[in-house]
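This briefing concerns a predicted model. It is arranged by topic for reading alongside the sequence and coordinates.

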Amino acid sequence: MHWMLLLFMSLSLPALADLDYSLKPRQIAADTWLLEGSTDNFAKGNGGNIVNTAFIVTERGVVVIDTGPSKRYGEAMRKAIAATTDKPVIQVLLTHHHPDHVLGNQAFSDVPIGALAGTIELLGQQGDAMAENMYRLVGDWMRGTEVVLPTETLTSGVRTFGNHDLRLLSLGGHTGADLAILDQKTGVLFAGDLVFYQRALTTPNSPGLSVWLADIATLQGLPWTMIVPGHGPLATDTKPFEQMRDYLGWLDQLMRDGAANGSEMGEMIRSPIPERFAAISLSRYELIRSVSHLYPRYERTQMKRVDSNL
Ligand SMILES: [Zn+2]
């Protein structure tokens, strides 16, 4: 029986040719398809497909929103688009510079790739290091992946693609340069990583949680009918916004209180996570990361306050 065991083991290790994202676009509104990733962390098992990407088939051609975590993903996305429509891809819009959203760019290098100025700058500065980290985390799935910088700078305002008017919003709570896209024809709001839903938010480049909270208010005030978060399930109610406000508010208060009490970082990362966040995946993992990203700022603010009282 040993040979069967060996055979089974060799079959269970995916060969390079078998690394298949199996992308299945799901229509979520008129002309609009979603490719929903998992809410897990980057892993060799998922090839980094932890992200939501989407495309809109306008009368003139296809607008792609984010290109995924690798060249291989971008190519699979392009195939999935071709299987859905005969229309050519005419535009890519990137929500922000994080690797899971932009490392599929190579598969779209024949069309304009648009991003906010800040996103282009951040990707230029951090892209190679982020890609290297992705090779470490997901391995062979990344084979051949290189950073491709956007070719077009986007600003706030309405852009028309065929029969779809897309309202672009230049925000910044997640990375300092975050594009949100409201399709004014369908009411679908592509929130990028300004909205995480049922998955803990990430903070490596956040300018501050108060900026992020203000962005959430801006997004909620738009005339949307459906929210596509950067990570997690889509929604047609306000729950993703409520969860974001609740979670950001908790995280902010936790670090304020910690700094006021002089708590050490080691204590902060062990803080209890409220029961109401039990359904949010990776909350402990991301709390540890957020404390390391943001807590020193809270400690400095606290010291300033003490100083100013002297
Ligand atoms: Zn992100």
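Lys71 is in contact with Leu103, Gly104, Gln106, Gly144 and Thr145, leaving aside its neighbours within four places in sequence. Lys71 lies in helix α2, which comprises residues 71-84.

**Surroundings of Lys71**

- The C-alpha atom of Lys71 is separated by 7.5 Å from that of Glu146, although the two residues are 75 residues apart along the chain.
- Lys71 has a relative accessible area of 27%, and it is therefore classed as partly exposed, the category between 20% and 50%.

**Zinc site**

- The zinc ion has four protein donors, namely His96 through NE2, His98 through ND1, His174 through NE2 and Asp193 through OD.
- These donors lie 2.2 to 2.3 Å from the zinc ion.
- The angles among the four donor atoms run from 83 to 172°, and the site is irregular.
- For a tetrahedral assignment, all angles would have to lie between 85 and 135 degrees.
- Along the sequence, the donor residues follow the spacing H-x1-H-x75-H-x18-D.
- His96 belongs to the loop between β5 (89-93) and α3 (99-102), whereas Asp193 belongs to strand β11 (residues 188-196), so the pair ties together parts that are 97 residues apart in sequence.
- His96 and Asp193 are both buried.

- Five strands form an open sheet in the order β8-β9-β10-β11-β12, and their pairing is mixed.
- β8 (157-161) and β12 (226-231) are the edge strands, each pairing on one side only.
- From one strand to the next, the twist averages 30°.
- The pairing of β8 with strand β9 (residues 164-171) is antiparallel and extends over five bridges.
- Gly157 has Leu168, in β9, as its bridge partner.
- Helix α5 packs on the sheet, where it touches β9, β10 (178-183) and β11.
- The direction of α5 makes about 165° with that of β11.
- Helix α6 (residues 239-260) also packs on the sheet, touching β11 and β12.
- The direction of α6 makes about 20° with that of β11.

**Aromatic pairs**

- The structure holds eight aromatic pairs.
- One of them is the pair of Phe196 and Trp212, which is tilted, with 6.5 Å centre to centre and 55° between the planes.
- Phe196 is in strand β11 and Trp212 is in helix α5, so this pair ties together parts that are 16 residues apart in sequence.
- Phe196 and Trp212 are buried.
- Tyr247 and Phe277 form an edge-to-face pair, with 4.9 Å centre to centre and 65° between the planes.
- This second pair links distant parts of the chain, 30 residues apart: Tyr247 is in helix α6, and Phe277 is in the loop between α7 (265-268) and α8 (283-309).
- Tyr247 is buried at a relative accessible area of 4%, and Phe277 counts as buried at 2% relative accessibility.
- Tyr21, Tyr73 and Trp141 form one aromatic cluster.

**Individual loop residues**

- Ser22 is not a glycine, yet it has a positive phi of about 45°.
- Ser22 is placed in the loop between α1 (2-12) and β1 (26-29), and at 40% relative accessibility it counts as partly exposed.
- Gln198 likewise has a positive phi, of about 60°, without being a glycine.
- Gln198 is located in the loop between β11 and α5 (209-220), and its relative accessibility of 26% places it in the partly exposed class.
- Thr58 occupies the loop between β3 (53-57) and β4 (62-65).
- With a relative accessible area of 2%, Thr58 is buried.
- Not counting residues up to four places away in sequence, Thr58 touches Val63, Lys87, Ile90, Phe161, Gly162, Asn163 and His164.

Conventions:
Residues are numbered from 1 along each chain as its sequence is written. This is a predicted model: local features need pLDDT of at least 70, side-chain atom pairs count only at pLDDT 80 or more; totals for chains, interfaces and linings use all residues. Side-chain values use heavy atoms; hydrogens and water are left out. Donors are N, O and S atoms within 2.8 Å of the metal (3.2 Å for Na, K and Ca); water is not among the atoms, so sites may look incomplete. Four donors count as tetrahedral if all angles lie between 85 and 135 degrees; four count as square planar and six as octahedral if opposite donors are over 155 degrees apart and all others between 65 and 115; anything else is irregular. Helices (H or I, at least four residues) and strands (E, at least two) are DSSP runs, numbered from the N terminus. Buried means under 20% relative accessible area, exposed over 50%, partly exposed in between (1.4 Å probe, protein chains only). Contact means heavy atoms within 4.5 Å. Two strands pair if DSSP finds at least two bridges between them. Axes are lines fitted to C-alpha atoms, for helices over the stretch in contact, and angles run from 0 to 180 degrees between N-to-C directions. Rings of Phe, Tyr and Trp (its six-membered ring) pair if their centres lie within 6.5 Å; planes under 30 degrees apart count as stacked, over 60 as edge-to-face and the rest as tilted.
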